[in-house]
Amino acid sequence: MLTTADADGRPAGGPTGDDGLRLDGIGVRFGGLVALQDVSARVPPASVVGVIGPNGAGKTTLFNVVCGFVKPIAGTIGWDGRPLRPRPHRLASLGIARTLQGVGLFEGLTVLENVMVGAGRTARPNNAFALFGLPPSDRAERRLRAAALARLDRLGVVRYADSLPATLPHVMQKRVALARALAGEPRLLLLDEPAGGLSRTEVEELAEVIRDLPTSSGTGCAIMLVEHHMDLVMAVCHEIVVLDFGRVIARGTPDQVRGDPAVTEAYLGAEPDEVSEAAAG
Ligand SMILES: Nc1ncnc2c1ncn2[C@@H]1O[C@H](COP(=O)(O)OP(=O)(O)OP(=O)(O)O)[C@@H](O)[C@H]1O
Ligand SMILES: [Mg+2]
């Protein structure tokens with residue numbers, strides 16, 4: 001089990017009272033299949049909210065609703081206190097970024113170029129730089145490049161900057177994907193199975209990174225985390241929402257969720273101690 005960051009057993013950071021992301025009564029159907037029904041969740045700034053549940057529970061679908069890839073038939077989405085009608089191409093300008101289940105890097109671009117693409121939203125030329133006589137494209141690109149290298153450095157993968165993603169170990173590809181999502185300085189980050197395929201040690205290292213994100217970003221980044229690795233979820237989340245067959249069957253702090261019989265039952269009827277193994281398997 002990973003350890004939590006402070007004395008009361010909850011990670012550092014936590015809700016600040018601002019609005020962040022609100023999902024109310026979300027419903028999604030795929031033909032005859034009810035993928036989500038009456039799902040509500042709140043992800044305040046500077047908090048990490050976990051979305052867990054067995055395979056097919058609707059976790060990725062919920063992310064897809066926030067990103068505008070899937071249109072709900074019911075419910076409302078709010079962002080920063082305003083109604084949100086998500087459109088995939090507008091997400092970056094709203095300060096929303098996601099990593100994909102899997103890795104999802106551009107294979108034809110180097111690691112550095114992948115992260116520079118992710119920084120597109122914040123990469124506008126700054127008029128003040130004109131005073132120093134550099135052409136706008138050079139100035140903008142240099143800033144972008146320096147910021148991307150710094151981001152890669154912080155995640156321990158700067159040595160791969162000029163490599164193609166496919167040549168990197170899986171764990172390093174996942175870090176690059178995270179660096180790319182962070183490059184746009186998002187205020188809401190959706191992480192879909194960031195620990196997929198990682199070893200126990202690698203998961204522990206990732207927990208440190210995620211736990212620091214809400215405060216290290218300086219913007220009170222809100223994080224919604226879908227993950228099967230229960231140790232990671234329990235270590236980094238302030239709140240957890242548990243889905244099963246598209247419905248919320250439990251929610252609360254890691255300790256509340258861990259002890260909830262409905263959660264145990266959803267995970268293959270396992271004993272509470274076995275939930276972690278069943279979910280990670
Ligand atoms: N585009 C789609 N068209 C039809 N059915 C879909 C589509 N996307 C998801 N589903 C179905 O909706 C349900 C929820 O799928 P979803 O991918 O959200 O689950 P998940 O909780 O992310 O599962 P996993 O843990 O395996 O990633 C599943 O029954 C899935 O087969
Ligand atoms: Mg999924």
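Modeller: Helices are DSSP runs of H or I with at least four residues, strands are DSSP runs of E with at least two, and both are numbered from the N terminus. This is a predicted model: local features need pLDDT of at least 70, side-chain atom pairs count only at pLDDT 80 or more, and totals for chains, interfaces and linings use all residues. Residues are numbered from 1 along each chain as its sequence is written, while chains are lettered from A and ligands numbered from 1 in the order in which they are written.

Biologist: Which element gives the most to the shell around ligand 1?

Modeller: Helix α1, with three residues. β2 (33-43) also gives two or more.

Biologist: What makes a residue near a molecule?

Modeller: Its C-beta atom, placed from the backbone, lies within 6 Å of the molecule. Around ligand 1 there are 12 residues, and Lys-59 and Thr-60 are among the closest.

Biologist: How do you know that β9 and β10 pair?

Modeller: Pairing takes at least two bridges found by DSSP. β9 (residues 239-244) and β10 have five, in the antiparallel sense, so they pair. Val-242 stands opposite Ala-250 in β10.

Biologist: Why are β6 and β10 called edge strands?

Modeller: The open sheet runs β6-β7-β8-β3-β9-β10, with mixed pairing. β6 (96-99) and β10 (247-252) each pair on one side only.

Biologist: What lies across β6 and β7 at about 170° to β6?

Modeller: Helix α5 (residues 170-183). Such angles run from 0 to 180 degrees between N-to-C directions, with axes fitted to C-alpha atoms, for helices over the stretch in contact. Contact means C-beta atoms, placed from the backbone, within 7 Å.

Methods:
Contact = placed C-beta atoms within 7 Å.
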